[in-house]
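Please consult the sequence and the model shown here while reading.

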Amino acid sequence: MKNIVITGAAGGVGKEIANLLKGENLFLIDYNQDGLNLLANKLKANAYVCDVSNPIQVETTFKKIFDDAKTIDVLINCAGVWTKGELTKQEYEPFKNINTLERIKQLIDTNTFGIIATIKSVVPIMQKQGGGQIININSQSGVVVEEFCPVYNASKSGSMAFSRAIINDLGKHNIKLTDICPGLIKTNFYVNAKDPLPKEVMDCGLEPSDVANLVLYVVNLPKEITLPTIEIKNMKNF
Ligand SMILES: NC(=O)c1ccc[n+]([C@@H]2O[C@H](COP(=O)([O-])OP(=O)(O)OC[C@H]3O[C@@H](n4cnc5c(N)ncnc54)[C@H](OP(=O)(O)O)[C@@H]3O)[C@@H](O)[C@H]2O)c1
């Protein structure tokens with residue numbers, strides 16, 4: 001059994017991955033306490049309420065996980081938030097003040113800092129144990145320019161740049177790093193951000209299980225093989 005940490009585990013893709021990996025020893029992180037506890041009870045997994053945008057909470061949580069798990073084989077980063085709107089749109093409907101500085105900071109702190117913080121937290125233990133694996137659920141926004149969501153685009157591109165900058169260093173320590181870059185996925189991601197998409201748009205998305213199955217494939221790759229970047233889209237999403 002592998003010790004696997006999943007962030008954003010109470011929602012969409014993270015929850016699907018946790019369900020798929022239920023035979024493993026799971027350490028689930030989310031800031032949605034009720035959703036997290038419900039899932040952890042169902043899967044008999046360990047639960048840690050933590051906001052990945054908060055440095056102190058990340059430090060404390062990973063210290064607890066190390067104490068409980070002793071080793072970490074895989075870290076899967078799913079926690080993320082959405083916002084859209086050109087900077088020139090001051091009152092984008094239906095989500096007003098979408099580009100307030102506070103909202104922008106929260107998004108960058110979650111989508112970019114959160115990834116850096118969790119990776120920085122697991123690297124010393126993976127180094128010490130002689131290797132490990134990190135999988136980030138990034139986005140198409142990490143690989144292309146999307147003018148309708150510049151802040152989200154910056155957050156995911158920043159996270160992708162971080163991965164590209166560390167992948168060789170981690171590789172020398174036998175730590176694999178994969179960024180999965182999905183297009184639209186049918187989760188509550190947009191509803192959670194008060195920006196529900198029309199049904200005909202959501203119908204063109206991937207199922208969360210499409211992404212979760214890909215994660216399972218990456219986790220089960222032979223020890224000497226890695227996939228640094230993977231893009232996945234529904235054919236209807238072109
Ligand atoms: N859905 C898409 O179309 C899509 C496409 C490409 C990439 N992605 C990426 O896929 C990942 C998973 O998204 P999803 O679609 O599964 O979204 P989701 O259904 O909203 O799930 C995300 C989970 O992360 C949690 N979370 C958010 N911010 C957090 C924080 N600061 N600390 C801890 N937990 C936090 C959320 O809690 P709450 O529910 O309480 O907010 C939720 O449980 C994200 O990184 C997203 O950027 C999504």
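## Sheet and helix packing

V5 has L75, in β4, as its bridge partner. The strands concerned are β1 (residues 3-7) and β4 (residues 74-77), which run parallel and are joined by 4 bridges; two strands are taken to pair if DSSP finds at least two bridges between them. This is a predicted model, in which local features need pLDDT of at least 70 and side-chain atom pairs count only at pLDDT 80 or more, whereas totals for chains, interfaces and linings use all residues. Residues are numbered from 1 along each chain as its sequence is written, and side-chain values use heavy atoms, with hydrogens and water left out.

The protein has 8 helices and 7 strands, these being DSSP runs numbered from the N terminus (helices are H or I with at least four residues, strands are E with at least two). An open sheet with parallel pairing is formed by 7 strands in the order β3-β2-β1-β4-β5-β6-β7. At its edges lie β3 (46-49) and β7 (229-232), each of which pairs on one side only. On average, neighbouring strands of this sheet are turned by 15° against each other, direction ignored. Helix α8 (residues 208-219) packs on the sheet and touches β4, β5 (132-137), β6 (175-182) and β7, and its direction makes about 160° with that of β5. Contact here means heavy atoms within 4.5 Å, while axes are lines fitted to C-alpha atoms, for helices over the stretch in contact, and angles run from 0 to 180 degrees between N-to-C directions.

| Helix pair | Angle between axes | Axis separation |
|---|---|---|
| α4 (residues 101-129) and α5 (residues 150-172) | roughly 15° | within 8 Å |
| α1 (residues 12-20) and α8 | about 50° | 8 Å |
| α1 and α2 (residues 33-43) | about 10° | 11 Å |

Angles under 35 degrees count as roughly parallel, over 145 as roughly antiparallel, 65 to 115 as roughly perpendicular and the rest as oblique. The helices α4 and α5 are therefore roughly parallel to each other, and their crossing is right-handed, a crossing being right-handed if the near helix is turned clockwise from the far one by less than a right angle, and left-handed if anticlockwise. Among the residues of α4 that meet α5 are I104, L107 and I108, and the α5 residues in this contact include F162, I166 and L170. By class, the contact of α4 with α5 has 12 nonpolar, 5 polar and 1 charged residues, where Ala, Val, Leu, Ile, Met, Phe, Trp, Tyr, Cys and Pro count as nonpolar, Asp, Glu, Lys and Arg as charged, and the others, Gly among them, as polar.

Helix α1 passes α8 in a right-handed crossing, with G12, V13, E16, I17 and L20 in α1 meeting P208, S209, V211, A212, N213, V215 and L216 in α8. This contact of α1 with α8 comprises 8 nonpolar, 3 polar and 1 charged residues. The helices α1 and α2, by their angle, are therefore roughly parallel to each other. Here K15, A18 and N19 in α1 meet L39, K42 and L43 in α2, a contact with 3 nonpolar, 1 polar and 2 charged residues.

As for overall dimensions, the C-alpha atoms of the protein fill a box of roughly 50 × 35 × 30 Å, taken along the principal axes.
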